[in-house]
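What does the predicted model shown here say about the overall build of its chain, and what about one of its helices? The report below takes these two topics in turn.

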Amino acid sequence: MFRWGVLSTAKIGREHVIPAICDAENGVLSAIASRDGDRARALADRFGAPHAFGSYEELLASDAVDGVYVPLPTSQHVEWAAKAAEAGKHVLVEKPLALDAADIEPLIEVEKRTGVVISEAFMVTYHPQWLKVRELIADGAIGRLRQVQGAFSYHNIDPDNMRNRPELGGGGLPDIGVYPTVTTRFATGEEPASVSATVRRDPQFGTDIYADVRAKFDGFELAFYCSTQMAARQEMIFHGDKGWIQVHAPFNSILYDHDHVTLHNAGHDEAQIFRFPGVRQYRLEVEAIARRAAGENVPVFGLQDSIRNQKFIDAVFRAGESGNWEDV
C-alpha cells in the first residue's frame with residue numbers, strides 16, 4: 001500500500017483529499033505534518049494516521065511515508081514539491097503549482113534526477129465525465145468544434161482567506177481560472193495560440209477578482225469568465241457545427257449539479273445524457289498517483305502539462321495588462 005503524508009492541515013486536504021486517501025484501494029494515510037504539532041496530532045487522530053509531525057522537514061525525513069500531498073499556500077508549492085522530491089517522496093501538489101511557468105521548469109530536472117512522480121492536482125482530468133467529453137469530440141459527435149464557453153465563480157470577501165492575499169498566491173485566475181483552461185486543453189488536445197482578456201483587481205486585496213478571457217485555438221475559440229466576487233456558478237459548453245456538449249458540474253463534482261454530460265444534436269430536438277453517479281474524482285486522482293509511483297503506465301497530470309497550462313494563465317495576465325492580444 002502506498003503510504004501518504006500530508007504537509008499542512010489545509011481545508012482542501014481535510015475536506016477532499018485526505019478522505020480520498022483514506023478510501024483509496026491502494027493507499028493509506030500515514031502521516032500529517034503541521035508547524036503546529038498539536039494541530040497535526042488532532043488531524044492525524046481524526047483520520048487514523050499513525051504519525052504526526054510538528055514540522056514539514058520531519059515528515060519528509062520519515063521512512064513511514066512514500067509520497068506527500070502538498071496543499072500549502074500557492075507561493076510555497078514549488079519549494080516544497082522540490083524538497084519532497086529531493087527527500088525521495090512522490091509528490092501530489094495542489095494547483096496552481098506556480099504563478100509563473102518559468103518557476104515550474106526546475107522541477108522537471110528534479111523529477112528526472114530523483115525518479116519520483118511530481119504531479120499537479122488537477123482532479124478533473126481523472127473524472128470519467130471529462131474522458132467522455134474528450135471521446136465525444138474526438139469521435140466527431142458534435143462535428144467540427146467551433147466554440148467553447150466556460151464560467152467559474154464564487155463569492156469570497158474574507159480578507160484573511162489566502163485566495164484574497166496576493167503574497168500567498170491568491171487571486172481568481174490562479175484559483176479557478178485554471179479550470180476552464182485545463183479542461184479545454186484536456187478535452188480537445190489543442191493548445192491556445194493567443195489570448196485577450198479583461199482583468200479586474202480588488203482595490204483592497206490587490207488580487208484579481210474578475211477575468212473575461214478569449215483564446216484562439218486552431219479552428220475554435222474559448223471564451224470564459226471567472227470571478228471570486230460573483231454568485232456561484234460553473235459550466236462548460238463545447239459547440240460544434242453538428243451538435244454541442246454541456247458539462248453540468250465540470251469542476252466541483254457533485255456540489256453544483258449531478259455529474260452528467262448532455263450531448264445535443266444540431267436541431268436541438270434530441271439529446272443524450274451520460275450520467276456518472278457516485279464518482280469521487282479526488283479518490284481517482286490519488287489512486288492514479290499511487291499506481292504511477294508503483295511503475296504502472298497510467299496517465300497522470302505531468303509537469304509539461306503544468307507548464308503549458310501556466311503559460312496560458314501567464315498570457316491572460318499579460319493581455320489584461322496590455323489590452324492587446326498576447327501570444328501564449
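Accessible areas come from the Shrake-Rupley method with a 1.4 Å probe, and for residues only the protein chains shown count as cover. On that basis the chain exposes about 13900 Å², of which carbon and sulfur atoms supply 46%. The model is predicted, so that local features need pLDDT of at least 70 and side-chain atom pairs count only at pLDDT 80 or more, while totals for chains, interfaces and linings use all residues. Residues are numbered from 1 along each chain as its sequence is written, and side-chain values use heavy atoms, with hydrogens and water left out.

The secondary structure comprises nine helices and 15 strands, these being DSSP runs (helices H or I, at least four residues; strands E, at least two) numbered from the N terminus. Further values for the chain are tabulated here.

| Property | Value |
|---|---|
| C-alpha trace along the principal axes | about 60 × 45 × 40 Å |
| Buried residues (under 20% relative accessible area, 1.4 Å probe, protein chains only) | 55% of 328 residues |

Among contacts (heavy atoms within 4.5 Å) between residues at least 6 apart in sequence, 65% join residues at least 24 apart.

Buried residues of α9 include L303, I307, F312, I313 and V316. The helix is followed by G323, whose phi is positive, near 75 degrees.

Methods. Buried means under 20% relative accessible area, exposed over 50%, partly exposed in between (1.4 Å probe, protein chains only).
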